Amino acid sequence: MKAIRRFTVRPVLPDTLRPLTDLARNLRWSWHEPTRQLFDSVDPEHAARSGGRRTDDIDPVRLLGSVSATRLAALAADQDFLARLNAAADDLDHYLHAPRWYQEQGGDLPSGIAYFSPEFGVTAALPQYSGGLGILAGDHLKAASDLGVPLIGVGLLYRHGYFRQSLSREGWQQEHYPVLDPGELPVALLRETDGTPARVTLALPGGRTLYAHIWTAQVGRVPLLMLDSDVEENAPAERDVTDRLYGGGSDHRLFQEMLLGIGGVRAVRTYCRLTGTPAPEVFHTNEGHAGFLGLERIRELAGEGLGFDAALETVRAGTVFTTHTPVPAGIDRFERSLVARYLGEDGELPGVDVGRILALGDETPLGGEPGLFNMAAMGLRLAQRANGVSTLHGAVSREMFAGLWPGFDPEEVPITSITNGVHAPTWTAPEVGRRAEGADDRELWELRRTLREQLVSEVRERLRASWRQRGAVGAELGWTDSVLDPDVLTIGFARRVPSYKRLTLMLRDPERLRSLLLHPERPVQLVVAGKAHPADDGGKRLVQELVRFADDPRVRHRIVFLPDYGMAMARRLYPGCDVWLNNPLRPLEACGTSGMKAALNGCLNLSVLDGWWDEWFEPDFGWAIPTAEGAAATDEERRDDLEAAALYELIERRVAPRFYDRGPDGVPVRWTEMVRRTLNELGPKVLADRMVREYVEGLYAPAAHAHRALTQATARELADWKARVRAAWPKIAIDHIEVGEVGEDLADAELGATTAVRVRVTLGDLLPDDVEVQAVTGRVTPDDALTDPRVCVLKPAGGPDLEGRRPYEGSLVLDRTGPFGCTVRVLPSHRLLASPAEPGLVALPAETTGQAPGVLLR
């Protein structure tokens, strides 16, 4: 028989144990070791039943729900336990209320920031993530909490999460979607003052309504709001909107993104109203999925009397957009007709011009299709500040989205970069924190072996469980007791399985890989994990190829594939590996934070120079896998052959020899020195604390200041000014350019010399205060392109002549040797612009050469 309803019955804790509830309900336990240890001691038998796994792999809320009344009574009488409990409760209270980094900063920082993401990886006990984007979002919340940043997280509560992965006997990925009961999760339902559940509503075509409840998870000091459409008032289709992460067709995904963006803003307003939390001044869109939040804020402002253009300027000023993908296929795109149907007059945003909405998502300037609505394009148009997630990814993003700023070189596109970071207390093994600092070579080596031994034990347990799921019986699994060796060089590889991450590059030459795994003196062992998207059969075939290789009795003691990769597995995998492998197609890895987590534990990186590794690689921290260049890079087969060969060569000739190069005491001194340098020098760079501080200082604070500057009057002024400038811009012309004085021969110019530049500019209906006239100088390539350009602002040198042309002049410093060139351009100028490129307007000279009319090159 099956239950037709399910609900959770909670234990009644003795008064002395009540603080356990607060500790369990605040997810700080997931990264606070003393609190985890406290819950470990609540029910030691539970830990034994869980195979000895740490509390971070289970959920204290469920733990408290399963502990016996006898055990609770014993704990209530245990003075040592009560002292530890009260100390933990006092520590949490101090953590939540004492001033932290943010409160100690000078300047007028934002009173609140709303951070929207489609997924959040905070803990395995709240499985609302699929991969790196969600883990990054979870680490962002945790670091913001540690720093005291007044953040509010906004996402969706998926009743089936992403999916649980298992393997068939043949190694094919199988998906399972267990039902997640919010009553069994570390979340609480947000309620109105009368006790009824708070909810948001969205209007759908045909008079339908989408209702959603708001669940809150407390991530330290940061509330995470998650909208849930599994509400009785909804029709069946609407109840399923938040059924699973990244599932369903276009309509389903559009519903999810409307609920996340539009409903998310309404959830934030509700939460602030009920709790007295200050309303956010800054809205941060973590990838394009939540981009509709900007449309909801425009609708709000329209209700206050602002027109679309003025509302758009206000919204843009306070919005930050982070792009996470250099792969166009990773961007959500919808049929324009679908967007118009659900956001038009019969849909959710009546009164907001649907034509203006569709223009925000127009991807034709990017070379896209006119019939599609691009969520990243909308996100960039709705945000005054945008960033990529590593230095290289910032450059790739500027190239990728340059079409939205026509006339500007990619390096001037206003997309900056903040390199991702990871939350050290979450990802660093407790043993590393306790034993690494100040350790000598032997102590460090023994620590690494301890962590490797723990991983071996975990792998054997997980591998046996996987084979049982695949249909094996205990009598067949004796071989799993000798899988992996705690004294063998261990390489880890775990991530999602899109094609560009190249899960199977290591299998390019199977015999070469076997020889590395089975080397008689310097063997290597591999631990691999990863999930393919349920709809990606190509990714599933890659998983199957890897599994079949790992099933080979000749090598299965040296290479394993572990299904169902997630946070619980990762927290053992990173510390236990000696080397972390990453071999994506450069430059398609936006950041790639798994290697950062490994580095925090003294694991060395072996990676293609992509994402963060391109930025911070040093030989002291690991090895760079060479990438194919030129014609070889365009031939997919040859490229993979070359890069796989380079990988094998590195492992065989450099990585393994260094690991096995032992001194008389059995310690590999050069290896442990690399571990020490990784921990001490690389570790501080990869922290989420550093990342969040950069967001606060570089993006959140400027966005808050820009938002405050836009009163209704100034927003209208800015909108009117942009409209006037756009209308007048076609008449802007640069009519005459002189570089150098009369008689000056620039062919003999010397480094450090100065020369004059004079131009005449036609402004049409614009005034000098509306524009900035610039001379741009730099080295020139053989095709006359300027490289590493520098800008000199030219000043007005008089009134207009009889033809209305205005003179501008300035001095150029010849500050570089070699081929040197310059050009002149006109840009819009206004005090409220975040960047001169923001309006996407630039006037350049007509293309001329030599002594063409209107240009005098002395």
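**A colleague's note on the predicted model**

1. Let's start inside the protein. Leaving out residues up to four places away in sequence, Phe-292 touches Leu-254, Glu-257, Met-258, Gly-261, Ile-262, Leu-343, Phe-373, Met-375 and Met-378, where contact means heavy atoms within 4.5 Å. A word on the source: this is a predicted model, in which local features need pLDDT of at least 70 and side-chain atom pairs count only at pLDDT 80 or more, while totals for chains, interfaces and linings use all residues. Residues are numbered from 1 along each chain as its sequence is written, and side-chain values use heavy atoms, with hydrogens and water left out.

2. Phe-292 also matters for the next count: together with Met-258, Phe-292 touches the most other members of the largest nonpolar core, which has 92 residues. Helix H9 (residues 250-275) gives this core its largest share, 11 residues. A second, separate core holds 55 residues, including Phe-493 and Met-674. Here a nonpolar core is a set of buried Ala, Val, Leu, Ile, Met, Phe, Trp, Tyr and Cys residues joined through side-chain atoms within 4.5 Å. Buried stands for under 20% relative accessible area, exposed for over 50%, and partly exposed for in between, with a 1.4 Å probe and protein chains only. Helices (H or I, at least four residues) and strands (E, at least two) are DSSP runs, numbered from the N terminus.

3. How many residues of helix H11 (residues 308-317) are buried? The count is 9 of its 10, so this helix is mostly covered. Among the buried ones are Phe-308, Leu-312, Glu-313 and Arg-316.

4. Val-42 sits in the loop between helix H2 (33-40) and helix H3 (44-49). Val-42 counts as buried because its relative accessible area is 0%. Neighbours within four places in sequence aside, Val-42 is in contact with Leu-20, Leu-63, Leu-64, Val-67, Arg-71, Leu-75 and Phe-81.

5. Now have a look at the open sheet of 6 strands, ordered S17-S16-S15-S18-S19-S20 with parallel pairing. Two strands pair if DSSP finds at least two bridges between them. Strand S17 (559-562) and strand S20 (622-625) stand at the edges with a single partner strand each, so one side of each has no neighbour in the sheet. From one strand to the next, the twist averages 20°. Strand S19 (residues 604-608) is joined to S20 by 4 bridges, and Asn-605 has Gly-622 as its bridge partner in S20.

6. Helix H18 (residues 441-469) lies across strand S15 (489-494), strand S16 (524-529) and S17, at about 65° to S17. Helix H20 (residues 537-551) touches S16 and S17, and its direction makes about 140° with that of S17. For these angles, axes are lines fitted to C-alpha atoms, for helices over the stretch in contact, and angles run from 0 to 180 degrees between N-to-C directions.

7. Finally, some backbone details to look up. Most residues other than glycine have a negative phi, and most peptide bonds are trans. Arg-586 and Pro-587 are joined by a cis peptide bond, with omega about 5°; Pro-587 lies in the loop between strand S18 (579-582) and helix H22 (594-599). Asp-784 has a positive phi, near 70°, and is found in the loop between strand S23 (771-780) and strand S24 (786-796). With 61% relative accessibility, Asp-784 counts as exposed. Asp-788, in strand S24, has a positive phi near 45° and counts as partly exposed at 49% relative accessibility.
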